[in-house]
Amino acid sequence: MADCIFCKIINGDFGTEFVHENEYAVVFKDINPKADIHLLVVPKLHVESLNELNDENLLGKLMMTVKEVTQKLGIKSYKTLINTGKEAGQEVFHLHIHILSGKMKF
């Protein structure tokens, strides 16, 4: 989608540094971190939220991306979070998985 900030990040419009990238997703640091380590796993395919995701294989690939990046960075303990819908705290309407580790800043 042309007006989606995550689609623009994926396309390189902002020069965002990717911590990890594979065929299905990019991973980058959250600009407003809620923990010592706060990463976002974002699928390259635009899907508004978990409610609109119909590809169970993509969800599996995203979760394996979480595992890949945490292993790559040596993160052994972490929390994952998917906000689905405005009322649940979703601010960017492009599905993404938060990886949070270390001291939380909530």
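A salt bridge is taken here to be a side-chain nitrogen of Lys or Arg lying within 4 Å of a carboxyl oxygen of Asp or Glu. In this predicted model, a search of the whole structure returns one salt bridge. It is formed by Glu21 and Lys44, whose closest N and O atoms are 2.9 Å apart. The pair links distant parts of the chain, since Glu21 belongs to strand S1 (residues 20-21) whereas Lys44 lies in the loop between S3 and H2, 23 residues apart. Side chains of opposite charge can pair when their charged atoms come close. Glu21 has a relative accessibility of 45% and therefore counts as partly exposed, and Lys44, with a relative accessible area of 32%, is likewise partly exposed.

Glu21 also takes part in strand pairing, for its bridge partner in S2 is Val26. Strands S1 and S2 pair in the antiparallel sense over two bridges, and they form a hairpin with three residues between them. Strand S2 (residues 25-29) is mostly covered, four of its five residues being buried. On to S3, the pairing of S2 is again antiparallel, this time over five bridges, with Phe28 standing opposite Leu40 in S3; a hairpin of five residues joins S2 to S3.

The loop between strand S3 (35-43) and helix H2 (56-73) also contains Ser49. Because buried means under 20% relative accessible area, Ser49, at 4% relative accessibility, counts as buried. When its neighbours within four places in sequence are left aside, Ser49 is in contact with Thr84, Gln90 and Leu95.

Notes: Residues are numbered from 1 along each chain as its sequence is written. This is a predicted model: local features need pLDDT of at least 70, side-chain atom pairs count only at pLDDT 80 or more; totals for chains, interfaces and linings use all residues. Side-chain values use heavy atoms; hydrogens and water are left out. Buried means under 20% relative accessible area, exposed over 50%, partly exposed in between (1.4 Å probe, protein chains only). Contact means heavy atoms within 4.5 Å. Two strands pair if DSSP finds at least two bridges between them.
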